[in-house]
Amino acid sequence: MTKLRPAPIKGSKKLLNAWAFYDWANSVYNLVISSAIFPIFYGALTIIKNEQGDVISDRIQFLGYDFNNDTLISYVTAAAFLVVSFLSPFLSGIADYVGNKKMFMKFFCYLGALCCIGLFWFNMEYLWFGLLCYFLALIGFWSSLVFYNSYLPDIAFPEQQDAISAKGYSYGYIGSVLLLIICLAMILKFDLFGFEDESTPTRLSFVLTGLWWIVFSQYTYYHLPKGNKQENFGKDILFNGFKELKLIWEKIKANIPLKRYLGAFFVYSMAVQTIMLIATYFGIEELDWGKTDPTTGLIVSILLIQLVAILGAFVTSKCSERFGNINTLIVLNLIWIGICIYAYGITTPMEFYGTAGAVGLVMGGIQSLSRSTYSKLIPNGALDTASYFSFYDVSEKIGIVIGMLSYGYIAEVTGSIRYSIIFLGLFFLVGMLLLLRVRKSEHGEVTS
């Protein structure tokens with residue numbers, strides 16, 4: 001007889017580490033595809049320059065329309081997030097109903113990873129195929145995260161959640177930096193690897209990202225439980241999925257601190273995620289790199305962000321222990337406002353590196369603490385955690401849709417990304433004010 005593997009024990013070191021390790025597996029997408037190599041590759045593919053390096057054209061013909069290259073990719077990104085925002089609540093309700101959210105997490109992981117590999121064939125002749133792969137990879141990444149995040153209250157006790165959330169982000173930053181260094185070595189020293197130019201190793205970076213994501217996620221899948229509920233599939237599964245979501249929404253409305261926190265998170269997260277997505281495009285088009293190679297400079301700045309973010313996640317976790325989650329988030333939003341004001345006027349690589357360091361410090365902190373704060377506000381013992389986290393996910397994704405559409409529209413109208421940075425700074429201001437309302441609510445301060 002086959003020996004059954006014992007059920008994972010909530011709060012155990014092995015289970016916590018296995019959960020956090022998924023950040024190691026999937027964060028390479030966020031770095032290589034969203035932030036580093038793909039934006040540079042896309043810019044090189046879509047921007048025409050003269051021999052002096054001046055931009056001649058950044059327009060793209062797609063589906064019979066003429067787009068600014070930044071506007072096109074921002075609209076595709078916004079469309080993908082819009083799909084995720086509608087898809088995740090529907091699937092999360094079903095996942096909680098049937099008690100197998102790991103199955104959904106796997107599906108979107110594999111979808112995203114395979115589409116990352118498909119970016120190897122991205123070119124202007126088959127632009128639709130490349131954008132489709134980018135679109136589906138983004139859906140796969142963010143949809144898998146809603147199920148991953150929803151495991152946090154299942155696998156960790158409240159007093160463990162800040163630390164393990166920060167540990168997951170730290171794993172992600174370390175793993176993604178490691179793969180980026182490998183990819184960067186192939187691209188910059190392509191001749192040593194037997195390549196004729198940097199194009200092939202750049203495309204191979206997309207393949208390595210997909211493979212890394214699939215292979216390393218297996219450790220997480222081996223240890224994570226299937227889910228909370230253990231009901232069978234039935235003919236009313238779709239109806240029960242929506243019914244589950246309706247019940248969760250009623251619970252959220254009755255939980256004033258949770259409801260207010262979701263509103264605050266919706267506003268400031270829209271700015272955080274949009275800045276992360278547009279930072280490289282800003283560096284490509286708005287800075288005077290002089291004799292510095294833009295590709296090397298941008299990747300160095302992105303590496304700096306990732307490394308500093310590890311420290312940021314750790315320091316923020318310690319600050320939340322001493323000052324409380326909400327107070328710490330308020331200070332982080334205040335720092336973000338200062339960064340946006342400063343970033344509006346930067347023109348040199350050194351200024352960009354300094355801004356990148358500051359962004360890394362608060363980016364790692366605000367992401368990990370936002371996740372664990374929401375997890376703490378979910379009622380103890382709740383079984384429908386995937387549905388709870390679907391609302392967290394929807395808040396984030398709809399916020400990104402608004403952020404990316406705003407960024408794309410402002411870039412199209414003004415011809416400059418700088419005005420978008422100031423616009424996003426206003427979201428941090430509003431987010432900070434809304435967090436003050438969470439603190440003032442009856443049980444709003446999260447201290448444990």
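## Surface patch and salt bridge in a predicted model

V315 has a relative accessible area of 34% and is therefore partly exposed. The structure described here is a predicted model. V315 lies in helix α11, and together with L311, F314 and L361 it makes a nonpolar surface patch of about 350 Å². Helix α11, which spans residues 294-323, gives the most to this patch, with three residues.

How many salt bridges does a search of the whole structure find? The search finds one. This salt bridge joins E250 and K253, whose closest N and O atoms are 3.5 Å apart. Both E250 and K253 belong to helix α9, residues 237-254. They are three residues apart in that helix, about one turn. E250 counts as partly exposed because its relative accessibility is 40%, and K253 is likewise partly exposed, at 33%.

| Residue | Relative accessible area | Class |
|---|---|---|
| V315 | 34% | partly exposed |
| E250 | 40% | partly exposed |
| K253 | 33% | partly exposed |

The chain as a whole provides the setting for these features. It has 15 helices and four strands. Of its 448 residues, 59% are buried. Among contacts with a separation of 6 or more, 83% are between residues 24 or more positions apart. The chain exposes about 18900 Å², of which carbon and sulfur atoms supply 66%.

Notes
Residues numbered from 1 in each chain as written. Predicted model: local features only at pLDDT ≥ 70, side-chain atom pairs only at ≥ 80, totals over all residues. Heavy atoms only, no water. Patch = residues over 30% accessible without salt bridge, like charges linked within 9 Å, V, L, I, M, F, W, Y side chains within 5 Å. Areas by Shrake-Rupley, 256 points an atom, 1.4 Å probe, with all protein chains shown as cover. Salt bridge = Lys/Arg side-chain N within 4 Å of Asp/Glu carboxyl O. Helix = DSSP H or I, 4+ residues; strand = E, 2+ residues; numbered from the N terminus. Buried < 20%, exposed > 50% of the residue type's maximum accessible area, 1.4 Å probe, protein only. Contact = heavy atoms within 4.5 Å.
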